[in-house]
Amino acid sequence: MAINPSTKHQTHLSYETQGCLELKPRSESMKLYYYAGRRGFAEKIRVLLAETGIKYEDVPLEDAEIEKMTKDGKLNFGLLPALEHDGKIIEQSASIMEYIAEFADKQNLGQAGNKYCGENNERAIIRSFAQAVTNFQMESKIHLGKEQVPANFDSEILPKWFKAFQDILDRNDDNDVHTDEYMYGRHLTFADISMFEAVNAVAEMFGLNKVRPYPKLKEIHDKIASRARIDHFLSTRVPGRF
């Protein structure tokens, strides 16, 4: 189902695939508030929601609505994205990602026993990697679109961060062709999804040539992009909108 940031209150049904054909709807429901007309930091949250199969509602907000929610005490900082679920609102994109990952793990939504938060003793490091991705997005402004990217993006920002991500993936590689390689541990985590979405935004804006000098980074990008639910999400969203 395509995401159209200009359309209010879209509900995204979630499904659990049984084999290749049978689809079962899930009942969990979340509301994702985001800046109307912009993907922004909300996009990595959508990718994780798509991967986990969690049902959610896209709620775009204009400035006046954000101001009202802040005055009413629903938003603490007047910033989006924000996630409403189970009577509470979670703010800050990295925290939202971790919240969804923890919820998915408690519901055993990971395929083949995958844990989106990783193992308990891995979580602090996974959290730090997810926050690092947010730092990359803040410095590069990639979440705001091509026009907002700084002049030193190609010469300084992208090489610094993509090399760091590449080095992380190299260190976690056990050289076993039978195991999947992620940022940390043996699970696809919310940090991997965060990194994927940031790299995917670069590839969508500037082409995969920006990623090819970093083979491990391109490998994990392509692997995550090919996952069934994420592939469906990417192929049906509104292209070129940030």
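Reader: How do helix 4 and helix 6 pack, at what angle?
Author: Helix 4 (residues 123–140) and helix 6 (residues 190–206) pack at about 20 degrees, and their axes are 8 Å apart. Axes here are lines fitted to C-alpha atoms, for helices over the stretch in contact, with angles running from 0 to 180 degrees between N-to-C directions. Helix 4 and helix 6 are therefore roughly parallel (angles under 35 degrees count as roughly parallel, over 145 as roughly antiparallel, 65 to 115 as roughly perpendicular, the rest as oblique).

Reader: Where do these numbers come from?
Author: This is a predicted model, where local features need pLDDT of at least 70, side-chain atom pairs count only at pLDDT 80 or more, and totals for chains, interfaces and linings use all residues. Residues are numbered from 1 along each chain as its sequence is written, and side-chain values use heavy atoms, leaving out hydrogens and water.

Reader: OK, which residues of helix 4 and helix 6 meet?
Author: Among them are Phe-129, Val-133 and Phe-136 in helix 4, and Phe-190, Met-195 and Val-202 in helix 6. Contact means heavy atoms within 4.5 Å. By class, the contact has ten nonpolar, two polar and two charged residues (Ala, Val, Leu, Ile, Met, Phe, Trp, Tyr, Cys and Pro count as nonpolar, Asp, Glu, Lys and Arg as charged, the others, Gly among them, as polar).

Reader: And what about helix 5 and helix 7, what's their angle?
Author: Helix 5 (residues 153–171) and helix 7 (residues 215–225) pack at about 80 degrees, with axes 8 Å apart. That is why helix 5 and helix 7 are roughly perpendicular to each other. Phe-162 and Leu-169 of helix 5 are among the residues in the contact, as are Pro-215 and Ile-220 of helix 7.

Reader: How many helices and strands does the protein have?
Author: Eight helices and seven strands. Helices (H or I, at least four residues) and strands (E, at least two) are DSSP runs, numbered from the N terminus.

Reader: New topic: is the peptide bond from Leu-80 to Pro-81 cis or trans?
Author: The bond from Leu-80 to Pro-81 is cis, with omega near 10 degrees. Pro-81 sits in the loop between helix 2 (63–71) and strand 6 (82–85). Most peptide bonds are trans.

Reader: What's the phi of Ala-112?
Author: Near 55 degrees, a positive value in a residue other than glycine. Ala-112 counts as exposed because its relative accessibility is 89% (buried means under 20% relative accessible area, exposed over 50%, partly exposed in between, with a 1.4 Å probe and protein chains only).
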